[in-house]
Amino acid sequence: MGLLLLTSAAFAVQTLTYNFTQLQYGTITPSGSAPWLSISVTEIDNDSLLFDVTSNLVSPEYISGIGLNLKDSVAIASTLGSFTAYNSVGGFVAPTVTIGSNIIRGASNTQYDLWFDFATTNADPLARFNNGDSFSYVVNGLSINDFES
């Protein structure tokens with residue numbers, strides 16, 4: 001009688017957390033306590049990530065856009081797979097997600113690889129991404145090591 005032991009390679013979950021405490025562009029410093037925005041990027045497996053994004057602003061302040069960068073060595077077009085909405089809390093309009101190498105956004109001409117563009121309309125303030133709103137996306141084709149720290 002023989003004994004067969006099966007094992008699998010252990011996967012260590014890694015998480016990056018970004019706490020936004022400075023304005024990239026804009027003229028009014030938020031009135032609440034920093035961080036005004038938190039992003040947690042958790043590796044689900046070797047090429048899938050879960051993005052959790054939460055606004056900590058005080059109403060009526062809102063976020064118009066969020067930019068993230070990948071390492072220069074990452075070939076975005078050939079690496080990135082699907083970008084799927086997972087969950088959201090709040091009445092805001094889901095952001096438009098733009099993906100590309102060195103996307104230029106904002107008055108500062110800062111370049112980003114991933115850009116989340118939110119509603120900023122005065123006609124419907126509830127459509128804005130603001131206090132207590134949050135969303136999650138599952139992204140396939142990236143690893144936690146692809147991000148600039």
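Which strand holds the place of Asp 113? Asp 113 sits in strand β8, residues 110-117. Before the close-ups, a quick note: this is a predicted model, where local features need pLDDT of at least 70, side-chain atom pairs count only at pLDDT 80 or more, and totals for chains, interfaces and linings use all residues. Residues are numbered from 1 along each chain as its sequence is written, and side-chain values use heavy atoms, with hydrogens and water left out.

**View 1. The whole chain, to get your bearings.** The protein chain has 1 helix and 10 strands (DSSP runs numbered from the N terminus: H or I of at least four residues for helices, E of at least two for strands). Starting at the N terminus, the order reads β-β-β-β-β-α-β-β-β-β-β. Of the 149 residues, 36% are buried (under 20% relative accessible area; exposed is over 50%, partly exposed is in between, with a 1.4 Å probe and protein chains only). Take the contacts with a separation of 6 or more: 67% of them join residues 24 or more positions apart (a contact means heavy atoms within 4.5 Å).

**View 2. Asp 113 and its surroundings.** Asp 113 counts as buried because its relative accessibility is 5%. Setting aside neighbours within four places in sequence, Asp 113 touches a list of residues that includes Leu 68, Asn 69 and Leu 70, along with Ile 76 and Thr 98. Gly 100 and Asn 102 are also among its contacts.

**View 3. Glu 43, a buried charge.** Look for Glu 43 in strand β2, residues 37-45. Glu 43 is buried but has no salt bridge (a side-chain nitrogen of Lys or Arg within 4 Å of a carboxyl oxygen of Asp or Glu). Its nearest side chain of opposite charge is Lys 71, 11 Å away (Lys and Arg count as positive, Asp and Glu as negative; His and the chain ends are not counted). What the side chain of Glu 43 does reach is the backbone nitrogen of Ile 144, at 3.2 Å.

**View 4. Asn 56, in a loop.** Asn 56 lies between β3 (48-55) and β4 (62-63). Asn 56 counts as partly exposed because its relative accessibility is 29%. Beyond its neighbours within four places in sequence, Asn 56 is in contact with Pro 35, Trp 36, Leu 37, Ser 38 and Asn 131. A polar atom of the Asn 56 side chain is 3.2 Å from the backbone oxygen of Pro 35. Gly 32 is 24 residues from Asn 56 in sequence, and their C-alpha atoms are 7.9 Å apart.

How values were computed:
A polar contact is a pair of N or O atoms within 3.5 Å; within protein, one must be able to donate a hydrogen and the other to accept it, and residues adjacent in sequence count only if both atoms are side-chain atoms.
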